[in-house]
Amino acid sequence: MAILPRESGQFIEKLSKNVKICDEKITNLSEKLFDELQKGNISPAGFSEHPCHPVANDAAFNWIFFVDTINFCFWSADGAHWEVNWMGNSYTGYFALCAAVNRAMEEGVNVTDPRVYSQWQLADLEYVLRGDNGVQLLLLPERLDCLRQVGKRLLEKYQGNFANCVKENQHSAQKLLKLIVSEFPCYCDEADYNGERVSFYKRAQILIGDVWSCFEGKGLGAFEDIDTITMFADYRVPQVLVHFGVLQYSKELYKKLEMGELLPNGSPDEVEIRGCSIEAVERLRNRVQQLTHGSGKSLSCNSILIDHFLWTYRRQCREELDAVPFHKTICIFY
């Protein structure tokens, strides 16, 4: 059995050879995060404010589940961006996925119904995820496999509704996390590192985080232990952490990334980047909470919100961040 993401991050960071955390930069970035928190720029409300995201209603559960089941691998080797036009705007990456789902629903495709997508052929998914600029996403057959797998399980055990998975776990994020990675194997994001089975559970955790954010921690979106969810170890947030000097790569690893060398999923370098990212954000969270308590202000911050801020920062400062190489891994987990 794998150790949980938070413990995995601690374990990996202690043994990491090519990725290190700079605690001085943790202090600097945590002060910036605290400032943004005071300004109201770090908040669960940010999810529902984006036009591509659903409103908080019963239909949102299956929308979020569908999207996060195929929420991975948006980069391309030649640098071309997959773009989707919706409501007069052009979107790339994750938001292009959201826009494609909304576009399909407007066209009459009941895209978030597992009775529908569990029976799809590749051509069906290709149509829904068609790019408006002629660029196609990577791993379309793998995305189809994921949808068929989760759709079948939802129908077999949960009456075709992800909300029933959420209800079953009595407002516990950790119980829901365990259910997701055990019932839906395509969410089981684990690796072996230095004799230990470690976990990241990026998509499983972001699924929980999206439910919490969409419902702003209320109703079925209320989790008593939401602060046990870590950041979502992908390829973009580490890029931002390197930009701020929080993560530091060895010369050898940095050169690999500059040259665009693929890092195999589960390889030591990839595991160290993801694990150290988790530990770095945990340290940021701890420091921000110290600053919050010291200020006497009633403010709340967790690793989910820090991840959201850093991920959004990368999109807002894309040109500046493009100077920092990100690690490239072809897999279904992020």
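How much space lies in the largest pocket? The volume is about 1000 Å³, in a model that is predicted: local features need pLDDT of at least 70, side-chain atom pairs count only at pLDDT 80 or more, and totals for chains, interfaces and linings use all residues. Residues are numbered from 1 along each chain as its sequence is written, and side-chain values use heavy atoms, with hydrogens and water left out.

Rolling a probe the size of a water molecule over the atoms shows where empty space is left. On a 1 Å grid over the protein atoms alone, a pocket is an open set of points where a 1.4 Å probe fits, with protein on both sides within 12 Å along at least five of seven lines; lining residues have an atom within 4 Å of a point. Grid points are joined across faces, edges and corners, and the volume is the space filled by probe spheres set on the points.

The lining of the largest pocket counts 43 residues, and Phe95, His308, Trp311, Thr312 and Arg315 lie nearest the centre. Two or more lining residues come from each of helix 3 (45-49), helix 5 (93-106), helix 11 (202-214) and helix 15 (303-316). Helices here are DSSP runs (H or I, at least four residues), numbered from the N terminus. Helix 15 gives the largest share of the lining, 10 residues. By class, 19 lining residues are nonpolar, 14 polar and 10 charged. In this scheme Ala, Val, Leu, Ile, Met, Phe, Trp, Tyr, Cys and Pro are nonpolar, Asp, Glu, Lys and Arg are charged, and the others, Gly among them, are polar.

Next come the charged pairs. Side chains of opposite charge can pair when their charged atoms come close. The whole structure holds 17 salt bridges, each being a side-chain nitrogen of Lys or Arg within 4 Å of a carboxyl oxygen of Asp or Glu. One of them joins Arg153 to Glu183, at 2.7 Å from N to O. Arg153 belongs to helix 8 (residues 140-157) and Glu183 to helix 10 (residues 173-183), so this pair ties together parts 30 residues apart in sequence. Glu183 also forms a salt bridge with Lys157, with the closest N and O atoms 2.5 Å apart. Lys157 lies in helix 8 as well, so that pair ties together parts 26 residues apart in sequence. Glu183 is buried at 13% relative accessibility, while Arg153 is partly exposed at 28% and Lys157 is partly exposed at 39%. Buried means under 20% relative accessible area, exposed over 50%, and partly exposed in between (1.4 Å probe, protein chains only).

Glu279 is buried, at 10% relative accessibility. Through shared partners, salt bridges join Glu13, Asp23, Glu279 and Arg283 into one network. Asp23 sits in helix 2 (residues 23-38) and is partly exposed, at 44%.

Cys276 is buried at 0% relative accessibility, and Cys331 is buried at 6%.
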